[in-house]
Amino acid sequence: MSEMDDRFAGVSSRSDKHSPRVDEELEHEIQGMLKSGHATRSEEFREVEPVAEGEPDTATSPNSTLIGGVPVGMTEDAVVARAELARWLVRADFPADGPGLVEAALDHRAPDAIVEELQRLPEGETYERIGDVARALGYPTET
């Protein structure tokens, strides 16, 4: 190594707060983030939950076909519409009336189409679950 101003070359690229071994460990810990360009650890609440037992598996794209079939008494379009409503309304939003569900959807930053659909709910009724909302909107339900 060559000397420059009483220092060895390459020393300035290392931290003077840690030993070289600690610097290498820290560099190793962030390699995934450096290579991918985003954080490599996800927070638990952001992870996708598995499909409940007995529920049909659905693809993430509404334009795709459903995996696992369609429940008896429902159409593929009704399953997709109900899943899209359920995507923007969580269990904590129930029980609620129509305006309460519209407000919850707005709080969750739901698309305008979902908000407009919820605005069609009849006034004066309280909904306990997403199935009640689907029936009130006229979607076919499983038998």
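Modeller: Happy to. The chain exposes about 11200 Å², and carbon and sulfur atoms supply 49% of that area (Shrake-Rupley method, 1.4 Å probe; for residues, only the protein chains shown count as cover). This is a predicted model, in which local features need pLDDT of at least 70 and side-chain atom pairs count only at pLDDT 80 or more, while totals for chains, interfaces and linings use all residues. Residues are numbered from 1 along each chain as its sequence is written, and side-chain values use heavy atoms, with hydrogens and water left out.

For orientation, the chain has six helices and four strands, where helices (H or I, at least four residues) and strands (E, at least two) are DSSP runs numbered from the N terminus. Their order along the sequence is β-β-α-α-α-β-α-α-β-α. Of the 143 residues in the chain, 24% are buried; buried is under 20% relative accessible area, exposed is over 50%, and partly exposed lies in between, with a 1.4 Å probe and protein chains only.

Now the core itself. The largest nonpolar core has 20 residues, a nonpolar core being a set of buried Ala, Val, Leu, Ile, Met, Phe, Trp, Tyr and Cys residues joined through side-chain atoms within 4.5 Å. Leu85, Leu89, Phe94, Leu101, Leu118, Leu121 and Val133 touch the most other members. Helix H3 (76-88), H4, H5 and helix H6 (130-136) each give two or more residues to this core, and H4 gives the most, with four. Leu85 shows how the pieces meet: leaving aside neighbours within four places in sequence, Leu85 is in contact with Ile114, Leu118, Ile130, Val133, Leu137 and Tyr139 (contact means heavy atoms within 4.5 Å).

H4 (residues 98-107) and H5 (residues 112-119) also pack on each other: their axes come within 9 Å and cross at roughly 170°. Those axes are lines fitted to C-alpha atoms, for helices over the stretch in contact, and angles run from 0 to 180 degrees between N-to-C directions. The crossing makes H4 roughly antiparallel to H5; under 35 degrees counts as roughly parallel, over 145 as roughly antiparallel, 65 to 115 as roughly perpendicular and the rest as oblique. From H4, Leu101, Val102, Ala105 and Leu106 meet Val115, Leu118 and Gln119 of H5. By class, this contact has six nonpolar residues, one polar and no charged, with Ala, Val, Leu, Ile, Met, Phe, Trp, Tyr, Cys and Pro taken as nonpolar, Asp, Glu, Lys and Arg as charged, and the others, Gly among them, as polar.

The loops around these helices deserve a look too. Phe94, one of the core residues named above, is joined to Pro95 by a cis peptide bond with omega of about -10°, and Pro95 lies in the loop between H3 and strand S3 (96-97). Arg109 is exposed, at 73% relative accessible area. Gly124, in the loop between H5 and strand S4 (126-127), is exposed as well, at 82%. The C-alpha atoms of Gly124 and Gly98 are 7.8 Å apart, although 26 residues separate them along the chain.

Finally, in the segment after H6 comes Thr141, which is buried, with a relative accessible area of 19%. Not counting residues up to four places away in sequence, Thr141 touches Val72, Gly73, Met74 and Arg135.
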